[in-house]
Amino acid sequence: MNTLQLPEEKRQRLLPFYLLVRNLAVVSGCFSSAVFIILVLSFWQFNAADPINDPHLPKLIEQIQAGNNDPAFLDSVRAYDQLIRKAHFTALAFTRFGAYLLLGGISLFLLFLKLAFELHRQLPRPDKFTEPEENQAKTRVLQYVILGFSFMLVLSAFLLPYFFSAPWFMPAQKKQARPVVPLPAEATWRRNWPAFRGYHGLGIAPTQNPPLDWDANSNKNILWKTKIPKPGFNSPLVWEDRVFLSGADQESRTVFCFDAATGNLRWQKSTSAGSAITLPKVSEDTGLAAPTMATDGRFVSAIFATGELLTLSLQGEVQWEKKLPRPDNHYGHASSLITYQGILLVQYDSAQNAKLMAFDLQTGRKLWEKKRQVEISWTSPIIAPTAAGDQLILTATPLVVSYQPGTGKVLWQLEEVIGGEIGPSPAFDQDLLFFINQYSRLACVDVARQQIKWETDHNLSDIPSPVASQGYLIVPTSFGKITCYDGASGAVHWEHRFETGFHASPIICGDKVYALDTSGIMRIFKLERTFIGLANPRIAEACAATPAFVDQRIFIRGDNHLYCIGSRQP
Amino acid sequence: MRKFRLLVLILVLAAPGWPAVATAAEERFPAPEFETQYEIPTPAHPHPRQDFFEYLDIAVLLAALGLAAFFAIKKRSRLGLFSLTFFSILYFGFFRHGCICPVGALQNVIFSFSGDYLLPLGVILFFALPLLFALFFGRVFCASVCPLGALQEAVIYKPIRLPQPIKHVLGLIPYLYLGLAVLFASTGSGFVICRFDPFVGFYRLSATPFMLLLGLGLLLTGIFIARPYCRFFCPYGVLLGIFSFFAKKHLSITPKECIHCRLCENACPVDAINPPSPRLYKTSKAQQIKHFGIFLAFVPLILATSGFGFSRLTDVLARQDRMVSLAERIHQEETNVATGNTLDSDAFRQEQTRVEDLYRQAARIRHKFYIGLWVFGLFFGLVISLKIIVLMQRPGRTDYTPDRFHCISCGRCMEYCPVQSDGSVTET
């Protein structure tokens with residue numbers, strides 16, 4: 001194509017600028033060339049001298065190692081060592097300075113050159129415009145080229161593994177049906193402590209007469225005491241001869257198994273993510289390991305505020321592990337796990353996408369998932385043995401919902417009955433369900449009719465959960481007051497104020513109630529129409545976790561230690 | 001003038017590489033082997049960029065994009081765009097060391113979907129702002145804000161037009177690169193765009209010899225084939241192109257009506273000017289629809305072939321993941337295929353993680369690659385199909401217009417247009 005100069009008048013006007021920038025380009029170009037040449041020479045000289053690999057210094061060092069400790073000789077070696085270091089770093093500094101000079105020179109050179117080109121631009125002299133015509137053949141060639149190239153590419157991708165890749169190093173494992181591990185008998189379940197607040201999460205101990213008296217200072221009735229390796233507010237589980245609890249920090253989220261007889265750590269297992277995970281922001285009084293684990297006697301599961309869900313065999317082998325979406329929870333996820341006939345039930349009331357999930361405990365397969373239209377909650381599920389069968393009860397603002405625990409089918413629900421940030425879990429006794437939250441209400445629901453039978457806003461709890469048995473409802477509070485109601489009518493039998501508040505939930509053992517306060521004192525009183533205090537034994541540290549009661553023994557998790565309390569054999 | 005150009009060539013090629021070579025020299029001189037009283041200081045990790053700079057960077061990016069849009073659309077000033085290019089080289093390149101750039105931020109965004117990575121505000125905005133501007137004003141980011149593009153812009157001296165078949169074939173590479181970048185970021189295996197960024201080494205004055213050669217090669221190519229990385233590699237350019245295609249306002253060659261003077265016909269260094277299309281076609285509309293229908297019937301086959309073909313690369317690509325390669329190494333050591341230990345395998349054994357857990361993790365990553373490559377293949381098949389469909393179209397253009405997908409809004413074409421904003425024509 002021919003070219004056309006800029007109009008003469010414009011050319012003349014721009015000429016001085018053009019000449020100026022052109023000359024500046026020449027000067028900066030020459031300067032850069034000179035710097036470049038000097039740098040090349042210097043680099044060549046530097047590499048030839050190579051002070052870092054000076055052959056003399058190692059020989060001198062060998063002489064020192066051989067025993068030549070003459071002070072004058074040592075001084076000369078030091079001086080020599082300093083000299084070659086200086087040579088090395090001076091050369092480096094020189095090179096770096098030169099590189100910056102070169103960079104600056106080139107930048108100016110390019111700038112002036114570009115301007116010179118722009119000022120000396122030549123416009124094209126095009127031919128006359130003619131009406132374009134369809135070039136079908138050209139278009140078709142383009143289509144074939146694109147298709148052909150793509151086909152070659154896909155073919156290469158297909159063939160590449162045959163020629164350039166070794167076979168996958170692990171042979172494909174055929175999925176073998178794992179033998180189904182049978183569930184323990186019902187009686188075994190009932191005598192152990194498989195979840196938060198024991199069997200079905202109801203807060204009723206399998207033992208009638210645990211110790212009434214112990215003292216951490218004199219070690220009276222303290223069978224053993226073990227340091228807990230990582231912090232957590234979850235409660236211990238007990239299954240036969242093992243005690244389980246979890247702990248977490250920035251480094252890892254870990255399950256610990258202790259020997260129930262001796263307190264020795266049998267094993268510990270962490271989630272696979274380790275420190276390579278972004279931790280959620282959690283409050284200090286919730287932490288990363290607030291949810292209590294759950295076991296069905298075959299496997300034990302733990303969940304953390306990170307969303308990591310880990311299931312292990314009772315021997316500590318990883319059965320399966322999942323990374324659930326990180327809970328959107330401003331205090332930290334705290335809802336405990338519970339199991340039902342080999343199913344792990346996970347209450348996951350996150351700000352986004354709240355749901356209830358069920359996993360096969362042996363395989364980790366998700367069995368079902370139910371979306372929940374609720375706000376964030378910190379409550380835990382319970383299994384209520386109603387006259388119509390077992391029901392899984394969950395509370396969270398604004399709902400109380402009953403699910404069929406095997407299928408997740410909603411059996412009934414009460415809407416707009418509870419509000420606020422709910423921490424306490426519900427209680428159940430004689431087909432009556434009790435739910436509670438501070439600044440909202442305490443209500444009793446007739447499960448058969450699915451109607452609220454009575455309610456009150458007196459002495460409401462924000463953290464500890466109520467417990468009900470034999471027609472009584474015990475409601476603890478974090479400010480130290482405990483109220484005993486008549487479960488059927490809501491009449492207050494008595495209320496008693498203790499010096500210290502409660503975070504742990506009370507447990508009913510036969511005709512006695514054990515309520516562990518935050519200072520480590522166990523408030524033991526009768527389950528009666530009038531308040532009858534029985535004992536106030538204590539351990540020597542603060543407590544927030546609900547204790548476990550198994551076989552005349554009590555397992556208490558303090559802030560730092562795990563205690564086993566029981567009557568010493570004479 | 002020829003000698004002058006030769007000098008230019010040598011200097012252009014030598015300059016950016018020299019500092020990188022210089023800094024590649026050994027700086028860790030061994031500590032003295034005899035005892036002294038001197039305590040060697042513990043090396044400290046560099047502090048993360050202060051918040052102030054993060055906000056400053058965002059403000060500067062916003063201002064630069066705004067200025068680029070102003071120069072390209074309102075002011076129609078090539079000089080303004082060109083000056084901004086030099087500013088971008090200095091600020092986004094040398095001052096910010098080319099990081100984080102919107103091109104690489106794409107990977108951060110993808111990786112954030114894994115749930116283990118919280119996306120910083122700066123990264124979100126660096127990724128989104130250029131796209132937002134592209135949606136309103138075309139690829140003004142490419143015009144003069146992108147530090148990678150700016151460096152190539154500075155070396156365009158004798159651009160040539162590539163033959164159309166080559167241009168179309170090379171134009172498929174950014175889609176492949178985009179797919180691979182998304183695949184590696186989504187599997188947590190790495191940020192390939194950053195790893196193979198050919199120009200960031202110049203800005204940091206530090207690069208591996210391979211990347212240095214690649215960068216120099218691209219700059220050398222860029223003298224004749226304008227912006228080779230932007231046109232034939234940049235994965236972010238694909239996204240910008242799509243957004244720019246729907247731009248509310250886009251740079252126009254002429255401010256008024258096109259007079260078909262043909263002055264701009266060869267003005268575009270990246271070959272992004274569409275000439276007027278024919279008014280009469282030899283093939284009938286019915287025939288065209290028939291061809292279109294036949295091709296549509298083949299689209300599922302193209303998608304399936306592409307998906308299956310690329311899924312065959314699962315083992316090859318999964319091995320690039322650090323965890324998978326470690327698992328393979330451990331497996332080789334366990335089965336005596338490999339002798340001795342590596343640093344990685346030693347470190348793994350010190351962690352006391354179970355080998356089975358590592359294998360399980362490697363298998364999980366491999367499965368992710370398998371699914372990802374199927375998606376990648378389907379995506380590539382879709383791209384090919386759409387390209388063919390676009391070629392089948394009859395656009396009905398009457399004037400010389402910028403190709404909205406490929407136009408980088410550099411503004412060169414505007415200078416060639418003799419039509420003034422008041423409609424008058426300048427005599428040349």
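This is a predicted model: local features need pLDDT of at least 70, side-chain atom pairs count only at pLDDT 80 or more; totals for chains, interfaces and linings use all residues.
Next, the domains of chain B. There are two in the assignment, and domain 1 is written in two pieces, 53–275 and 401–416. Domain 2 covers 285–392. How far apart are the C-alpha centres of these two domains of chain B? They lie 28 Å apart. The two domains also touch: 12 residues of domain 1 of chain B are in contact with 15 residues of domain 2 of chain B.

Now chain A. Here domain 1 runs over 2–123 and domain 2 over 186–565. The C-alpha centres of these two domains of chain A are 71 Å from each other.

Staying in chain A, please find the open sheet of four strands. The order is S12-S13-S14-S15, and the pairing is antiparallel. Which strands of chain A sit at the edges? They are S12, residues 338–340, and S15, residues 366–371, and each of them pairs on one side only. On average, neighbouring strands in this sheet are turned by 20 degrees against each other, with direction ignored.

Look at one pair in that sheet. S12(A) pairs with S13(A), residues 343–348, over three bridges, in the antiparallel sense.

Last, a place where the two chains meet. Helix H4 of chain A, residues 136–164, packs with helix H19 of chain B, residues 355–392. Their axes are 9 Å apart, at an angle of about 175 degrees. Why do we call these helices roughly antiparallel? Angles over 145 degrees count as roughly antiparallel, so H4(A) and H19(B) fall into that class.

Which residues make this contact? From H4(A) we have A:Thr139, A:Leu142, A:Gln143, A:Ile146, A:Leu147, A:Ser150 and A:Leu153. From H19(B) we have B:Phe380, B:Ile384, B:Lys387, B:Ile388, B:Leu391 and B:Met392. Sorted by type, the residues of this contact are nine nonpolar, three polar and one charged.

That is the tour.

Conventions:
Residues are numbered from 1 along each chain as its sequence is written. Chains are lettered from A and ligands numbered from 1 in the order in which they are written. Side-chain values use heavy atoms; hydrogens and water are left out. Axes are lines fitted to C-alpha atoms, for helices over the stretch in contact, and angles run from 0 to 180 degrees between N-to-C directions. Helices (H or I, at least four residues) and strands (E, at least two) are DSSP runs, numbered from the N terminus. Angles under 35 degrees count as roughly parallel, over 145 as roughly antiparallel, 65 to 115 as roughly perpendicular and the rest as oblique. Contact means heavy atoms within 4.5 Å. Ala, Val, Leu, Ile, Met, Phe, Trp, Tyr, Cys and Pro count as nonpolar, Asp, Glu, Lys and Arg as charged, and the others, Gly among them, as polar. Domain bounds come from an automatic or database domain assignment. Two strands pair if DSSP finds at least two bridges between them.
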